[in-house]
Amino acid sequence: MLEVRNMVVRYGGITALSKVSITVPASETVILVGANGAGKSSLINAVIGIVPVSEGSILLNGEDITRMASYDRANQGIGYSPEGRRVFPTMTVRDNVLAGASRLRAAEQSRIYDRLADLFPMLKERANDLAGFLSGGQQQMVAIARAMSASPKLLLLDEPFLGLAPVWIDQISKAIRVFREEGVTVLMTEQMAVPALKVATSGYVMRTGRILRHGTVDELRSTALAEEYL
């Protein structure tokens, strides 16, 4: 579904990504693992169009979207949940989630919200509460649900487990598995490789803007990954 070819991303005189290539097959969950500063978020931001690509290309279902505007990429079926959640603190949980489905009619929005509340029961319990008063794990669920409310074909999750307690990681992991079963392709970044490898089908290890290795989850587990990145 998603193919990144020889991507180079620069910030001023600093090269954040150097000739990076990855493939994310349809209906799979692929993880980018690496320490802070490895280039994971830069890759995600380039895919959604937040940062420009100096060299290389990005293909979505065979179409070159390298120079496409961010809003057009969203219309092509790309959903995004950013690092740090970034909910709207003075809006209700329901309004936060449905911000991603603003173009849909009210009846369709209600159907989508109810579906997401089945995955994250907190959405039903706290629907009318202000998002700014939620815990970090609850805010992360809101951010992921907001990305899913537009029914994307490709979901990008940037550090979804960062700073969360195990109970929230478990709930989010279950939701990611459901997304994949429903045919949603997921690309996620993580420093916390242990829980992420439990939901991924394959992955890439990144270091200083380059791909260090690639393989199935079992292959990554069998390497020196534990010593280098966990």
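**View A. L154 in strand β7.** L154 belongs to strand β7, which covers residues 154-158; strands (E, at least two residues) and helices (H or I, at least four residues) are DSSP runs numbered from the N terminus. In this predicted model, local features need pLDDT of at least 70 and side-chain atom pairs count only at pLDDT 80 or more, whereas totals for chains, interfaces and linings use all residues. Residues are numbered from 1 along each chain as its sequence is written, and side-chain values use heavy atoms, with hydrogens and water left out. L154 is buried, because its relative accessible area is 0%; buried means under 20%, exposed over 50% and partly exposed in between, with a 1.4 Å probe and protein chains only. Leaving aside residues up to four places away in sequence, L154 touches M1, L2, L60, G77, I78, G79 and T185, a contact being heavy atoms within 4.5 Å. Between L154 and D218 the C-alpha to C-alpha distance is 23 Å, at a sequence separation of 64 residues.

**View B. K40 in helix α1.** Helix α1 spans residues 40-48 and includes K40. K40 counts as buried, because its relative accessibility is 4%. With residues up to four places away in sequence not counted, K40 is in contact with L32, V33, G34, A35, E159, T189, E190, Q191 and M206.

**View C. The open sheet of four strands.** The strand order is β2-β1-β4-β5, with antiparallel pairing. The edges are formed by β2 (14-24) and β5 (63-64), each of which has a single partner strand, so one side of each is left without a neighbour in the sheet. Strand β1, residues 2-11, pairs with β2 in the antiparallel sense over seven bridges; two strands pair if DSSP finds at least two bridges between them. Within this pairing, Y11 stands opposite I14 in β2.

**View D. Two loop residues with positive phi.** S151, which is not a glycine, has a positive phi near 55°. The residue S151 lies in the loop between α6 (136-148) and β7, and S151 counts as partly exposed because its relative accessibility is 48%. T208 is likewise not a glycine and has a positive phi of about 45°. The loop that holds T208 runs between β9 (202-207) and β10 (210-216). T208 counts as exposed, because its relative accessibility is 60%.

**View E. R94 and the ring of Y113.** The charged end of R94 sits over the ring of Y113, at 4.8 Å from the ring centre. This assignment requires NZ of Lys or CZ of Arg within 6 Å of the ring centre and within 35 degrees of the ring normal. By contrast, a search of the whole structure finds zero aromatic pairs, for which the centres of Phe, Tyr or Trp rings (for Trp, the six-membered ring) must lie within 6.5 Å.

**View F. The chain as context for the close-ups.** The secondary structure of the chain comes to ten helices and ten strands. The C-alpha trace spans about 45 × 40 × 35 Å along its principal axes. The radius of gyration is 17 Å, which agrees with the value near 17 Å for a compact globule of 230 residues; the radius is taken over C-alpha atoms, and the globule rule is 2.2 Å times the number of residues to the power 0.38. Of the 230 residues in the chain, 50% are buried. Among contacts with a separation of 6 or more, 66% join residues 24 or more positions apart.

Methods:
Rings of Phe, Tyr and Trp (its six-membered ring) pair if their centres lie within 6.5 Å; planes under 30 degrees apart count as stacked, over 60 as edge-to-face and the rest as tilted.
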